[in-house]
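Below is a short briefing for a reader meeting this structure for the first time.

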Amino acid sequence: MSKLGNLGARLYRGEVGYDFIGKRKVWYGVSILITITAVVALAVQGLNLGIEFKGGAVFTTPKTEISVAQAQESAEEASGHQAIVQQLGNGGVRIQVSGVDTAKSDQIKEELAKDLSVRADRINAELVGPSWGAQIAGKAWTGLGVFMVLCVIYLAIAFEWRMAIAALIALIHDITITVGVYALVGFEVTPGTVIGLLTILGYSLYDTVVVFDSLKEQSKGITKQTKNTYSEVANLSINSTLVRSINTTVVALLPVAGLLFIGGGVLGAGMLNDISLSLFVGLAAGAYSSIFIATPLVADLKEREPQMKALKKRVLAKRAAAAAKSESAEPADPEGDLEDLDPEDAAPAGAGSGVVGQRRTQPPSRSRGRGRPSGKRR
Amino acid sequence: MAAPKKGRRQSGQGRPGVALALILIAMVALTGGMFASGHTTPRLGIDLAGGTSITLEAKNEPGKPNAINKTNMDTAVGIIERRVNGLGVSEAEVQTQGDRNIIVNIPKGTNEKQAREQVGTTAQLYFRPVLTMAPGQPTPDPSATDKEKPKAGDGADKGTPSGSPTPQGRAVTDALKDATPTPSASGKGDTGDKGKGDKPGATEPPAPDPATKKLQAQFTALDCTKKDQRVETAQDVKSTDPIAACGKNAVGQWEKYILGPAEVDGKDVDNAQAVINDRGQWIVNMKFNGKGADKFSKITTQLKTQQSPQNQFGIVLDGEVVSAPSVSETLSKSAEISGSFTQESAQELANILSYGALPLTFTEQSVTSVTAALGGEQLHAGLIAGAIGLALVVVYLVVYYRGLSMIALLSLLASGILTYTLMALLGPAIGFALNLPAVCGAIVAIGITADSFIVYFERVRDEVREGRSLRPAVERAWPRARRTILVSDFVSFLAAAVLFIVTVGKVQGFAFTLGLTTLLDVVVVFLFTKPLMTLLARRKFFGGGHKWSGLDPKRLGAKPPLRRARARRTTATVDPKEA
């Protein structure tokens, strides 16, 4: 714990840290790869849509002696359609029959009740007409669209348009990944899944907004100083909110894990399981994107501004001068400073190494004392 | 530097107590209100309590593209509610959802199949000539009259003083443009009397073939005050057959009728409206379409020559007589039903009449029936999941934040109390029902709520790391944390609000809980967490940075105060380098 606390302090001061901005291209690449995989999976395999979207019936029986195969046979006989049967944690079975209309389902239910020797009124039935699912899905998409537009407007006002764009891209990224995972693994998509997915919207942005807030605060008056470029400030923002981001993600995932455990373990299937599964995937993607995608994107966009370009020039010039000076003053330690400076030519937005830009700005005396451990981290 | 800090602290000294008192009062008030209202648990949705939920979707009838609007949907809801509750379910709720859906929730213990039939089939409205009518109970048995006497006597009393048009009110009214006070009113009274005395004798012309006899027997035995009998009578009626039916008169008494085959179909009604006539009475105006006008003129021509009650026609909705006006002249395209209507009863009749004209058809979109056992199981599972999630969060917070977690836990508790009481109170207030997605929303909200504390705590710790002592750190961290919390909660709330407005069904329940808890999160953080933090920062345990307080400067890796001035931030540390 004390180590954690210390790490938090050092992250906060920028003594240690991961160079998120400098390595952004790697993470962009990773994300693009995942996204392409997701899109391909979606195109090739498609989503395994649940009964709620295709139309059909789901019957859930109480604890029964009957085997899955028997139940399936009985359901298929009764309905004339293919049936999917799952065993539930409580000893009951869940039978899905697609392609039946609501009128016929009653008849199926009665026959099932007879075959499974359960009373008809003890069988739970969910019957869905095909257009209902389409309507739910349609509304969900509308909701998604409206939310995105409103959010971009809000973020553009509260922060600035670059951040709004970056947040939007991160959001689309999260949703694509989540949907991709569903396509790839073949999890069933139900209204519960959609609910989970829509919640991710809020959560993913929530995370991003906190990092942006810190970035906005730290980059206040940035043009009036010559110590750090925008990217470096952005990197410091990510690192200083890293502890919070981790804590948030953990705290958000814990209840979801509880849901998943109970939903999957005890009930076997159903709403709880569906919501928590998509939440779990989406939250993980959301935490990743707010750190690795959203903020670096903002930095990229920002660095295009003439002001920021000028700032970078000034900062680099100053550093070069300082480096030359310290090199002549302390020839004993040329390597440390070189390391710090070299990457800046290669990756203009920050150090290409695994260390935060800020460390570079520390006085040589300190980097030799306290800062050394972070140097070794490379 | 010292002065503003002191000022901040002083201003913070008065406020924390007030804020805490405020929120405590709110909690006590809500809890008190909850117990006072008698709703100590949130109302449960169908998926948790068991029951059947039916979703209907309205479709335009061909050629009438703009029929789906609020007025029409509300009319439909009224009719469906009437039909479902006619089954003996008094708690079924029918509500519109979105712009084109109607949700019917039928609690457990109802005959689900029957309910679905009622909801699923289109309502049937017919105009049938009245053949016979009588008070609503099987009369001949004199002992039975005890109970019935006041009622029947009442009707007779009012009816016999001839000439008064009011007694049978809505049930027996005039149907004329000129709205002559019908002499038939007294006649009706007679019929009532006769019915009471010797019911079978009250019958008139119909030819005594076997079917009629059977109907007659059914009519005699029929007890309209018994719901199951009414329901049974209303079942399976053919529009081409004569039927026995029940209906309430204006004073709310049941009457029974034998009605002839349907002459005019409710679909022939073009529209119907409740209006006030020039004498200041509520009347119902109805207009027929071309086909309806022909048929209606035929039937009214026939009826006007008849004696009461055979000059009446019954307006029959799903086998129940909703009104039985008498006719004294031939009517065709438009007709006026007058009588002792109140605004409410006139509008109800107009609604019923216009339902026939409603150019909407409803299709069953989804039917979910959940047994009470599964509902209970799901609720149970949801609660366990919530408990596990909460426990995990608590453990994490305690391990990571130590003493500080106490504040977080108390805040979570406050938030929990507010959420629970509001949910319980919103049940009766706005019909909020806790369903499974809503439970999920609440569980997910644990994370969002806890996150606000994390944002604040991390801020405070950052300040401590910069070498501040706790009291100023708590105050300095607040404005920044506040902004972050507001911005991120706003985004979260925005998501919930958009979902709530745009979506339908289960998603809406989820969005509602999420929105509610997000709002409460802001309330709790502002009025509870922050003031509590301010108060506790004055205690030695926290203020002194005890090692179990979660705010121990050493553990947090704070810089020794000595270096604070020189090396607060990286930006400041560059100076020596330059020198």
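The predictor's confidence in each residue is called pLDDT and runs from 0 to 100, and two residues are in contact if their C-beta atoms, placed from the backbone, lie within 7 Å. This is a predicted model, with an ipTM of 0.72 and a pTM of 0.67.

**Confidence in chain B**

- For residues 1–14 of chain B the pLDDT stays under 50, and the model has 6 contacts beyond four places in sequence for this stretch.
- Residues 561–579 of chain B also have a pLDDT below 50, with 27 contacts in the model beyond near neighbours in sequence.
- The average pLDDT of chain B is 72, and 70% of the residues score at least 70.
- Helix H6 of chain B (residues 184–197) has the lowest mean pLDDT among the elements of that chain, at 34, while helix H12 of chain B (residues 404–430) has the highest, at 87.
- Where pLDDT is low, the predicted coordinates should not be read in detail.

**Confidence and make-up of chain A**

- Chain A has an average pLDDT of 74, and 77% of the residues score at least 70.
- Among the elements of chain A, the mean pLDDT is highest in helix H2 (residues 24–44), at 88, and lowest in helix H13 (residues 334–346), at 41.
- Over residues 332–378 of chain A the pLDDT stays under 50, and the model has 91 contacts beyond four places in sequence for them.
- Chain A contains 16 helices and 6 strands.
- Of its 378 residues, 52% count as buried.
- Taking the contacts in chain A between residues at least 6 apart in sequence, 75% join residues at least 24 apart.

- In an unreviewed entry, UniProt gives the annotation "transmembrane region" to residues 26–44, 140–157, 164–187, 193–215, 250–271 and 277–299 of chain A.
- Residues 164–187 of chain A are 92% helix and 0% strand in the model, with end C-alpha atoms 32 Å apart.
- Residues 193–215 of chain A are 100% helix and 0% strand, and their end C-alpha atoms lie 33 Å apart.
- For chain B, the UniProt annotation "transmembrane region", again from an unreviewed entry, covers residues 379–400, 407–430, 436–457, 485–504 and 510–529.
- The span of residues 379–400 of chain B is 100% helix and 0% strand, with 31 Å between its end C-alpha atoms.
- Residues 436–457 of chain B are likewise 100% helix and 0% strand, and their end C-alpha atoms lie 32 Å apart.

**Helix H7 of chain A**

- Helix H7 of chain A runs over residues 161–185, and its 25 residues should span 36 Å at 1.5 Å a residue.
- The end C-alpha atoms of H7(A) are 36 Å apart, so the model agrees with that expectation.

**Helix H9 of chain B**

- Helix H9 of chain B has 15 residues (290–304), which should span 21 Å at 1.5 Å a residue; its end C-alpha atoms are 21 Å apart, in agreement.
- Gly292(B), Phe296(B), Ile299(B), Thr300(B) and Leu303(B) are buried in H9(B).
- Gly290(B) and Lys291(B) are exposed, on the face of H9(B) turned away from its buried side.

**Strand S13 of chain B and its partners**

- Strand S13 of chain B (residues 360–370) is mostly covered, with 9 of its 11 residues buried.
- Strand S1 of chain B (residues 51–60) pairs with S13(B) in the antiparallel sense over 10 bridges.
- Within that strand S13(B), Thr363(B) is the bridge partner of Glu57(B).
- Strand S5 of chain A (residues 124–128) also pairs with S13(B) in the antiparallel sense, over 4 bridges.
- Val367(B) in S13(B) stands opposite Leu127(A).

**Strand S11 of chain B and its partners**

- Strand S11 of chain B (residues 320–323) pairs in the parallel sense with strand S5 of chain B (residues 243–248) over 2 bridges.
- Gly247(B) stands opposite Val321(B) in S11(B).
- S10(B) and S11(B) run antiparallel and are joined by 3 bridges.
- Val321(B) in S11(B) is the bridge partner of Val316(B).
- The hairpin of S10(B) and S11(B) has 2 residues between the strands, and in this hairpin Asp318(B) takes a positive phi near 50°.

Conventions. Residues numbered from 1 in each chain as written. Chains lettered and ligands numbered in written order. Predicted model: local features only at pLDDT ≥ 70, side-chain atom pairs only at ≥ 80, totals over all residues. Expected span 1.5 Å × (residues − 1). UniProt positions renumbered as here; feature names shortened; annotations may be inferred. Buried ≥ 20, exposed ≤ 12 C-beta atoms within 10 Å, placed from the backbone. Pairing = 2+ DSSP bridges.
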